[in-house]
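Dear colleague,

I am handing over the structure below, and would ask you to look through it before reading on. My notes on what was found in it follow.

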Amino acid sequence: MLETLQNDSFNHFNHESPLWFTTEMRDLYSHESHPDLYGEFDTHRAGTYQGVFRTDNDKCLGVFKDGSYTLVNNYQFYRGIEEQLINFFDPSVLDLCKIEDTSSWGGAVCIRQYLFPNLEREIVSDRHSTSLTFRVIGWNCFDGSSKCRLIFGNIDSFCSNGLISGDYDQSSKKRTSGFDLTNFVGQLENGILKYENDVSRYQTYAETKVLTPYVSEFFETLSGMSERNAKRLQDQYLEEASIRGNNLWAVVSTLTNYASHTDGRFPVRNTGNDHHGVTSYNRQSQVNKWLNSPQFVRLQNHSMAA
């Protein structure tokens with residue numbers, strides 16, 4: 001019965017995806033061109049380096065010294081995560097699980113997001129209500145810019161604003177040792193517990209009034225905040241407050257709007273490479289830091305419980 005259940009659950013996860021390409025390690029060679037004598041040819045190996053190449057288009061995604069990188073292909077990585085999800089969750093939860101895939105820089109960074117509508121929790125203010133959904137994010141990369149990562153967080157069903165917990169370290173493994181999912185269940189339990197605690201905190205924020213001048217000051221004093229982006233955040237807050245009310249939850253929603261949307265009021269530079277997925281998650285990590293900053297504590301001190 002367990003095998004049948006697992007097969008049925010895997011069928012839920014198995015669908016066409018741009019992430020289902022394979023990669024391999026190849027030695028690198030210097031390339032010389034002598035059109036008058038020999039033409040073009042590869043010569044000596046380029047030191048002790050290897051490249052990670054896609055097998056479908058021969059694109060090189062990253063270069064590493066021998067032995068410094070352990071290759072984990074997407075199918076292996078995400079199938080491992082899904083095996084753990086199947087072992088942890090009831091089939092009724094998995095049946096409604098939604099999957100979103102993104103990749104950046106030609107597949108050098110790949111992100112698969114698992115959304116669990118069965119774990120929705122409602123946030124209610126005196127003017128508005130919305131639901132948060134628990135999510136698990138698998139982050140794989142082939143350019144050395146990151147470890148394999150398991151990230152836990154939530155997403156607002158009203159406007160698709162997302163926030164991640166930022167607790168990467170305990171659920172990440174260095175690429176030099178491959179990827180070990182043996183601690184995944186414990187991390188997942190911690191992620192769900194933190195999600196429930198976050199929901200309670202956000203509900204308190206929804207019941208906590210704050211004056212607009214203090215919100216403007218908060219945006220202006222955030223670490224790394226430009227004057228232009230502070231003004232954009234202030235404009236976004238006015239929109240959020242018109243729906244959710246003048247409360248700390250509207251402040252959080254303003255920041256998560258900035259983190260989750262890379263167009264409109266908060267565009268990203270067009271570099272010719274699709275990096276929106278990576279940029280969004282990096283912004284969400286930054287927002288998590290802002291919400292745990294002394295500036296946010298000061299804003300809370302200026303707020304009033306309804």
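**Overall make-up**

The protein has nine helices and ten strands, where helices (H or I, at least four residues) and strands (E, at least two) are DSSP runs numbered from the N terminus. Please keep in mind that this is a predicted model, in which local features need pLDDT of at least 70 and side-chain atom pairs count only at pLDDT 80 or more, while totals for chains, interfaces and linings use all residues. Residues are numbered from 1 along each chain as its sequence is written, and side-chain values use heavy atoms, with hydrogens and water left out.

Of the 306 residues of the protein, 49% count as buried, meaning under 20% relative accessible area, with exposed meaning over 50% and partly exposed in between (1.4 Å probe, protein chains only). Residues 24 or more positions apart account for 66% of the contacts with a separation of 6 or more, a contact being heavy atoms within 4.5 Å.

**The nonpolar cores**

A nonpolar core is a set of buried Ala, Val, Leu, Ile, Met, Phe, Trp, Tyr and Cys residues joined through side-chain atoms within 4.5 Å. The largest one holds 63 residues, of which F89, F116 and F134 touch the most other members. Leaving aside residues up to four places away in sequence, F89 touches L94, F116, L119, F134, L188 and I192. Apart from this core lies another, of eight residues, among them V109, W139, C141 and I151.

**Helix α4**

Helix α4 (residues 184–206) has 23 residues and reaches 32 Å from its first C-alpha to its last, close to the 33 Å expected at 1.5 Å a residue, the expected span being 1.5 Å times one less than the number of residues. Its buried residues include L188, I192 and D198. D198, which lies in this helix, has a relative accessible area of 9% and is therefore buried; the C-alpha atoms of D198 and G153, 45 residues apart along the chain, are separated by 9.2 Å.

**Two loop residues**

Although D58 is not a glycine, it has a positive phi of about 60°; D58 sits in the loop between β2 (39–54) and β3 (60–65) and is partly exposed, with a relative accessible area of 47%. W105, also not a glycine, has a positive phi of about 55°, is placed in the loop between β4 (98–104) and β5 (109–124), and counts as partly exposed at 33% relative accessibility.

With kind regards
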